[in-house]
Amino acid sequence: MKKLPNIFVISGIESEGDFIPVLNTNDEINLNLPNIPERLPILPLRNMVLFPGVVAPITVGRDKSIHLIREAYKGNKIIGVVAQKEGSIEEPGFDDVYHTGTVALILKMLRMPDGSTTVIIQGRLRMQINAFVQETPYILADYKLLPEPPVPKDSSEFQALISTIKDVAVQIIEQSPEIPSEAAIAVRNIENPEFLIHFVANNMNVSLSEKQKILETSGIQERANLVLYHLNKELAILELKNKIRNKTKQDIDQQQKEYFLHQQMKVLQEELGQGPNQEIEELKKKAQTKNWSEAVARHFEKEIAKLERMNPNSADYPVQLNYLHLLTELPWNEYTQDNYDLKNAENILDRDHFGMKKIKERILEYLAVLKLKSDMKAPILCFVGPPGVGKTSLGRSIAEALGRKYVRMALGGLKDESEIRGHRKTYVGAMPGRIIQNLRKCGSSNPVFVLDELDKISASFQGDPASALLEVLDPEQNSTFLDNYLEVEYDLSRVMFIGTANTTSTIHPALRDRMEIVELTGYSVEEKVEIARRHLLPKQIKENGLQPGQLKLRKGQIAWLVEHYTNESGVRQLDRLLAKLARAKARQLAEPQNGVPASIKPGFTEKELIKILGPPHPKEKTIDNNFAGVVTGLAWTATGGDIIFVETSITGGQGKLTLTGSLGEVMKESAIIALEYFKKISPRYQIPFKLFEKTNVHIHVPEGAVPKDGPSAGITIFTAIASAFTQLKVKKALAMTGELTLRGEVLPVGAIKEKLLAARRAGIREVILSEKNRPDVGQIEPEYLHNLTFHYVKRAEEVLDIALTNQKVKDPIDFSIYLKESPTVSVTA
């Protein structure tokens, strides 16, 4: 509601005050006027709507309006009041004013000290003007009075509505600091509902058009609903304003409190010698001990001079102080002494890791060259292999062998370039990149720095971290690495970066080109047994609170666990199994029997192992050869080698080929090539070409939810198609891998060692490979090839000669039913 007018007329008596003292409002207010003329002089108001019963002072300024008031005041004092649509119009016409207005009575006309004229009028009746009949010297109009429906005083709904209007109006007055609190008393004393509605509507803080809409509303109850709607809206806005005002006041009070506390802290710090000047002196002392270049020294002097000019209470002061702390805490040209004892390094690598001969040889070669040429730039190695083969832990062993600090930075899911290069200091919350942060923590400029999960870096609108790593991992560029936050170049050329990844396919090509790829293959059963005995079992005994002699497993038991409970290239699942056994042993030792500590044997029987670990998985994973068109293939995944099954089904149709199992484009092309080449050589197996036109071929690779792609399944699909059409059995425990061309040549594929390990885990005894893969098999240690027979082929026909037997499957399909011509039936009308 607005601030209430200062002058009011009560019962014909002039009074002044800060609020309207409404008196005698319990009685009916007679607003009828005797002798109303047929034509009314019209007073247009610029910014006000006058309601019946309301008394309001009006300042008159236009010549026409002054003339009208004087004439009316001398006569019957009755005028018509309407509101202008636009207050800026000086000479309003008929279309410039609202046609619904109020018949008003002039109560008093006053001449003010400044020469203006103020008239006090009271609204009486609603009326509607029909036309202007005169516009000079003032407006005269034809009109008609608008009827007022009776007030529904007996209606409980109307009474509740009036009571609510009172309550909301009082709440607005109480929450508005500019409205005197006495106005609430005035509102509470109004008992006449019609006057209450008009009084509140006149003083509401709403637009002129909304007030005009209320005046034009005919029913008093409908008018009351409109008033209540606007009151509730105004109250909600007012409550929000007060809430904001109170919060702002609290924030200001908190700021003042913090200011005084800071001033007190400043005095105390100066007394204790811990003020800003003391921090600056400490930074200067640290700078004197730094072995940095002249360019960095000049930059430091410039930045510390900037800090000295800053106000310690300013927001930029702690930002600048943190930056200078970073400069002085970085290990500028500070290096740890490398240990060139090759025998010691070899012992550490053998102690921590079993096998990995090639990788250990590469590390020792690096140490040998470094011993001869101490300023050699560090190589960028990248260990690629399935999970759980020891890529990350190998970096820690290398650091120990060299006598260097060890740093590991996980890159999985990284998608912000600033994580590598840092943020610019102008940003709020800026910080250096993680390369600089880790060097600051380790305190050395030549650590072994492991960049873990390089293949899992992603890109976003915030930049491409893989591209940012190009500078870090380039020996020709990383001597001048520039972090956006640091703003000066930092030498990374002495850092030994080691990357790890599960696959190179998702590593940025330019990034992959900067690294020396070292492949870590999976472990054989024999290697897993030794790793478990030497590393995993002692670790679990220690972590589960056991003593060395309280848990023992024989080699045969560990091998049985590997073969029946794991199917992986690494040893993570094996580690979890040993942890479960250690917990079971700990529980046996911790639970006394009949109040006496139990005497527990350190080992487990086979029944006890099954009870703890659950039923074992069958070792044999190959499919029985009683089904035609099912062949075992060898595949490579990011988690190591695995076996896949290719299933082929022949049904009657029109020569359609269907491929299912989430196959990629390359694998789909391999299936098309395999089918077309088998069509070409089908006469060799007495298969008429017409059979391909009368049947549909459906090729499926199980585990359909897992995407599969690559060319290595070419001969596997080819063999499955041949078995399906010939209905011949495929050899048991046979697997194959190789790419097939349209000429029938068998091409070599990669990841042979991983695939052969998967074959051994699945119980495969024979493997078909391309002749060109023979050198790859020759490089594999003999222990990995135990119990495997290899067949090297050049042509697809050789694959079928080896894979297919001369024995038909059980219940073979009779394809002759597809070759019979359908009899032609003629119909005579």
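Q: Why is Val767 called buried?
A: Its relative accessible area is 0%. Buried means under 20% relative accessible area, exposed over 50%, partly exposed in between (1.4 Å probe, protein chains only). Val767 is therefore buried.

Q: What is the basis of these values?
A: This is a predicted model, where local features need pLDDT of at least 70, side-chain atom pairs count only at pLDDT 80 or more, and totals for chains, interfaces and linings use all residues. Residues are numbered from 1 along each chain as its sequence is written, and side-chain values use heavy atoms, with hydrogens and water left out.

Q: Where is Val767 found, and what does Val767 touch?
A: Val767 is found in strand 24 (residues 766-770). Helices (H or I, at least four residues) and strands (E, at least two) are DSSP runs, numbered from the N terminus. Contact means heavy atoms within 4.5 Å.

Q: Why does Ser712 count as buried?
A: Ser712 has 16% relative accessibility, so it counts as buried. Ser712 lies in the loop between strand 19 (695-700) and helix 23 (714-726). Its contacts, not counting residues up to four places away in sequence, are Leu634, Thr737, Gly738, Val749 and Lys755.

Q: What makes helix 18 and helix 19 oblique to each other?
A: The axes of helix 18 (residues 555-565) and helix 19 (residues 572-590) come within 10 Å and cross at roughly 120°. Axes are lines fitted to C-alpha atoms, for helices over the stretch in contact, and angles run from 0 to 180 degrees between N-to-C directions. Angles under 35 degrees count as roughly parallel, over 145 as roughly antiparallel, 65 to 115 as roughly perpendicular and the rest as oblique. Helix 18 and helix 19 are therefore oblique.

Q: Which residues make the contact of helix 18 with helix 19?
A: Helix 18 gives Leu561, Val562 and Tyr565. Helix 19 gives Gln573, Leu574, Leu577, Leu578 and Leu581.

Q: What makes strand 10 and strand 15 edge strands?
A: Five strands form an open sheet in the order 10-11-14-9-15, with parallel pairing. Strand 10 (406-410) and strand 15 (516-519) each pair on one side only. Two strands pair if DSSP finds at least two bridges between them.

Q: How many bridges pair strand 10 with strand 11?
A: Strand 10 and strand 11 (residues 448-452) pair over five bridges, in the parallel sense.
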